Amino acid sequence: MTKTKMKIENVHKSFDQSSVLRGITTSISEKEATVIIGPSGSGKSTLLRCLNRLESINEGTIYLDDQSFMDIPIQKLRTRVGMVFQSFNLFPHLSVMKNLLLAPTKLQTSKSKDELMELGYSLLDKVGMKEKAESYPEELSGGQQQRVAIARALMMEPEVMLFDEVTSALDPERVNDVLETMKDLAKSGMTMVIVTHEMGFAREVGDKIIFMDQGVIVEEGTPEEVFGNSKEDRTKAFLRNVLK
Amino acid sequence: MKFDIAFIIDQLPYLMTGLKMTLLLSFASLVLSLLIGIAGAVIRILKVPILSPIIIGYVELIRNTPLLVQIFFLYFGLPFIGLKLSGTVTGIVALSLWGGAYAIENFRGGFKSVSKNLNEAGYSLGLNTYHVYRHIIIPIGFRVSFPSFSNTAMSVVKNSSLLAGIGVLELTFTALNSVAVSFKYIEMFLSLGVIYLLIVWVLSFLFALIERKLDFKRRSSKKAFFSFKGMANKTYGKAG
Ligand SMILES: Nc1ncnc2c1ncn2[C@@H]1O[C@H](COP(=O)(O)OP(=O)(O)O)[C@@H](O)[C@H]1O
Ligand SMILES: [Mg+2]
């Protein structure tokens, strides 16, 4: 049994009148990739955003290492739980290296500027972007920007990484670069929560698959269980739809 | 009637003393307008309690009353509450408050155009609101607002001539002094117009240079000076 990194208990979230998450209970295991799939509008992004408190929850509790979210200062929490977005969101006025350095130079007082630069280069190397350290975001392709965004999140040395459809805005021929980077990260033992529509990738890297629909978890289990032998009709219908 | 060039040349040194004052007033007021504009815009966007409604009222008041009335009010009104300021200081205060009000609207538009996605990227890295404004929203929004702020700045410079109304020895007032004894209106006001035109031209040239420098889209790749790529696109941080 691997250790539980995050525990999500009966989480409810609504925007105005509409209830988007309706009692989510699950757990995220350490050093595993948890993949969330489901039709669009089912609440996947909202759940992910609750996991680094970009959204506040109306009911329920989330734990990180047995510590309730409410007991962790919000900025501290976000350095421990990094996030990568569909739309890359690199800071357009900063070079790649400065994108990486901005947050840690403001927040990580334990490291010197030189040490941070060194970490920056090694992470850029890891995502295959070392040569572009001095480039500006708009000079990069979408796939390159997304790999920089991953490196930027890793600069904070997070314990968990959240990925929200990070390949959905990419040209098809760029998708693989980013997926490879994520596979490497999974192999290196990073705890990851991934929302994706790439079913092949989900099956390959996912240690656990969660299928969500209409704000609830319909089914969860190993890739074999969910993809190969789904129990719920809604899961079967969804998979039939996306796999055809 | 003949156009008396010699008169103008004769009066130039005197006009230059006025010009110096105009430039001083303009420079001080522009710096203050810039600061008021950035601070006011952030307060408005963050909806800071108490301060935000004050800013709204201030901007309304300034934008909906004539600047000359504001100048008179400060110059003749403030002494009644025990605040006696010199014409020059009154002038700087009046122009800064006026320019600041317009600058708040300029910057508010620019800061708001910075995509919410970029703020969230900042917050997701653990940055706080101060960091996000200081390092993300203000630097990006400033570039977006800069063309409209330049227009405000140009108006501040031109409107400094209204300070002649309270006897500040700036360019327009020196011209008035000069015609009061010479009666050479055409020569003087034509020259005055030309001098203002030159100031505004120089200023707009400087602003264009700054705008070019600020454009991060051309910074790294050392594109040619006269390349216009990316000049039109003023919203940043969208996907793709
Ligand atoms: N900030 C918001 N305000 C109002 N409704 C929202 C907001 N964010 C998401 N929603 C709604 O919540 C539902 C779930 O959205 P989302 O979590 O983005 O789903 P998914 O990522 O699975 O496509 C959708 O109906 C969406 O319109
Ligand atoms: Mg989504």
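Accessible areas here come from the Shrake-Rupley method with a 1.4 Å probe. On that basis, the accessible surface of chain B in this predicted model comes to about 12200 Å², and carbon and sulfur atoms account for 73% of that surface. Of the 240 residues in chain B, 47% are buried.

The chain has 8 helices and 0 strands, so read from the N terminus under the DSSP assignment, where helices and strands are numbered runs, the elements follow the order α-α-α-α-α-α-α-α. Among the contacts in chain B with a separation of 6 or more, 74% are made by residues 24 or more positions apart.

Residues 162-183 of chain B are 55% helix and 0% strand, and their end C-alpha atoms are 21 Å apart. Residues 189-210 of chain B, in turn, are 100% helix and 0% strand, with the end C-alpha atoms 31 Å apart.

Attention now turns to the place where the two chains meet. The size of an interface is often given as the accessible area lost when the parts come together. For chain B and chain A, the area buried between them is about 2400 Å², and carbon and sulfur atoms give 62% of it. On the side of chain B, B:Ser124, B:Leu125 and B:His135 lose the most area to chain A, and together they make up 25% of what that side buries. In terms of contacts, 28 residues of chain B touch 27 residues of chain A.

The polar side of this interface can be spelled out as well. The rule finds 5 residue pairs in polar contact across the interface of chain B and chain A, with both residues at pLDDT 80 or more. It also finds 1 salt bridge across that interface. The side chains of B:Glu120 and A:Arg49 meet in a salt bridge, at 2.7 Å from N to O. Helix H5 (116-124) and helix H6 (129-159) of chain B each supply at least two residues of the side that touches chain A. The largest share of that side, 8 residues, comes from H5(B).

Over all chains, the structure holds 19 salt bridges. One of them joins A:Lys5 to A:Asp65, with the closest N and O atoms 3.0 Å apart. A:Lys5 lies in strand E1 (residues 4-15) of chain A, while A:Asp65 sits in the loop between strand E4 (59-64) and strand E5 (67-68) of chain A, so this pair ties together parts that are 60 residues apart in sequence. A:Lys5 has a relative accessible area of 5% and is buried, whereas A:Asp65, at 26%, is partly exposed. Both residues also belong to a network of salt bridges that links A:Lys3, A:Lys5, A:Glu30, A:Asp65, A:Arg80 and A:Glu159.

A further pair in chain A bridges two helices. A:Asp177 forms a salt bridge with A:Arg147, the closest N and O atoms lying 3.8 Å apart. Because A:Asp177 lies in helix H6 (residues 172-187) of chain A and A:Arg147 in helix H5 (residues 142-154) of chain A, the pair ties together parts that are 30 residues apart in sequence. A:Asp177 counts as partly exposed at 30% relative accessibility, and A:Arg147 counts as buried at 12%.

A:Lys183 pairs with A:Glu180, and the closest N and O atoms are 3.3 Å apart. These two residues are 3 residues apart in helix H6 of chain A, and are therefore separated by about one helical turn. Here A:Lys183 is buried, with a relative accessible area of 12%, while A:Glu180 counts as partly exposed at 39%.

Terms used: Residues are numbered from 1 along each chain as its sequence is written. Chains are lettered from A and ligands numbered from 1 in the order in which they are written. This is a predicted model: local features need pLDDT of at least 70, side-chain atom pairs count only at pLDDT 80 or more; totals for chains, interfaces and linings use all residues. Side-chain values use heavy atoms; hydrogens and water are left out. A salt bridge is a side-chain nitrogen of Lys or Arg within 4 Å of a carboxyl oxygen of Asp or Glu. Helices (H or I, at least four residues) and strands (E, at least two) are DSSP runs, numbered from the N terminus. Buried means under 20% relative accessible area, exposed over 50%, partly exposed in between (1.4 Å probe, protein chains only). Contact means heavy atoms within 4.5 Å. Buried area is the accessible area (1.4 Å probe) that two parts lose on being put together, summed over both. A polar contact is a pair of N or O atoms within 3.5 Å; within protein, one must be able to donate a hydrogen and the other to accept it, and residues adjacent in sequence count only if both atoms are side-chain atoms.
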